[in-house]
Amino acid sequence: RLAGLRHLATLANSSVPAAEVMPARIRGRVPEAIWRRTSARLHKKPLHPLCTLRTEIASYFENRHPGVFNMHSDLSPIVTTKQCFDDLLVPVDHPSRAPTDTYYVDDDVVLRTHMTAHDVAFMQQGKTALLLCGDVYRRDTVDRTHYPVFHQVDSMRLYPPATERALIQRDLQADLTGLAYHLFGSDAKLRWVDGYFPFTSPSFELEVFWEGEWLELLGCGLLHREVLFKANVASDVNGWAFGLGLERLAMVLFQIPDIRLFWSEDERFASQFSSGTLSDRFKPFSSFPSVEKDISFWVNGNFHENDLCEIARSLGGDLVENVSLLDRFQRDGNISLCYRMVFRSMERSLTHDEINNIYYDIRESVATSLPVTLR
Ligand code: FA5
Ligand code: MG
């Protein structure tokens, strides 16, 4: 079975069986609702804002460096822990590897947490420049800007032997500030800040000043010598890599107020992106009222907030808008937590009965599967 999974990890996305026909045996530990997302491929759906952004980025690089970058956007999201972490020097005890943060299909197979997971394999095949786009998966808290599935564009470029590292860095930063001006306009205010990624050194983040705030646009850097070594790249060859998240970028560019909207089947969402260009703007359709429910419990063991969010998401689906800690107190050495769950549909009014049913299912699941005692 593991051999089969590793085989799946090397295939194109289109070869991943759809959720409906995927036996639980292969889906492993990944919840059904998450698994279903692996066949959605929003970044390939014509006129979808994520697809528009993907093609804008690809055409920016094509205009700037004709014929250099090939975009791959059909890679399977199922990868090995070696591809996702080990080959990129992510330490074994790094929090991003923990099962509270990453969807494990099996002990050494995961849903990729970033597109950089594919870089080493492409370099091993002798590729010297690429653009990758795809869906990535992270267990996370629940709010308007976090969703367990989002999309990234990732890129790497290797230079001819003995190219100065300083030149490569200048090239990288020029390509990326050019991209930011292309997306945000030539009068955009940008700044570079130091970043940290295990697989690049030095590392940087590019930020853009947008509506009164500095927004993180992307992470990048010069590929770490040891990563290049694992990729069988000659010792006098260097290169850069960068990665950016499409949803947050699309949210500010197209004025989309909630990350769940990307998954909406509502025509009133899709119809607003008919031009397929960066000038599309979203006009929110009427906002429906929210329903709030609180859940309180004593903590008996190793409780992680992401586990609560996962239960809320699996039972409440996209009706769950926000899960946040409302209150915490300690009595006789015991810790009590109270979380508020906000439910809202993007498309219709909710009934109290339907939310009560979901709420009681969540309570039951929390009581039976988490190390807590409901109060
Ligand atoms: C990475 O994933 C690195 N692989 C990027 C990289 C590639 C660095 C190559 C250097 C070289 P990070 O975890 O910061 O980095 O995520 C990159 C982007 O994804 C962020 O800038 C952010 O825009 C977006 N992002 C991260 N978490 C979420 C989330 N939960 N929901 C939506 N977008 C997210
Ligand atoms: Mg970051």
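Two strands count as paired if DSSP finds at least two bridges between them. Helices (H or I, at least four residues) and strands (E, at least two) are DSSP runs, numbered from the N terminus. What you're looking at is a predicted model, where local features need pLDDT of at least 70, side-chain atom pairs count only at pLDDT 80 or more, and totals for chains, interfaces and linings use all residues. Residues are numbered from 1 along each chain as its sequence is written, while chains are lettered from A and ligands numbered from 1 in the order in which they are written.

Let's start with the sheet. Four strands form an open sheet in the order E12-E13-E11-E14, with antiparallel pairing. Its edges are strand E12 (320–331) and strand E14 (372–374), each pairing on one side only. On average, neighbouring strands here are turned by 30° against each other, direction ignored.

Now zoom in on one pair. Strand E11 (residues 291–299) and E14 run antiparallel and are joined by three bridges. Phe297 stands opposite Leu374 in E14.

Two helices come next. Helix H12 (residues 352–369) lies across E11, E13 and E14, at about 15° to E11. Helix H11 (residues 305–316) lies across E12 and strand E13 (334–343), running at about 145° to E12. Contact here means C-beta atoms, placed from the backbone, within 7 Å; angles run from 0 to 180 degrees between N-to-C directions, with axes fitted to C-alpha atoms, for helices over the stretch in contact.

Finally, the ligand. Around ligand 1 there are 23 residues, and His114, Gly219, Ala241, Gly243 and Gly245 come nearest (near means a C-beta atom, placed from the backbone, within 6 Å).
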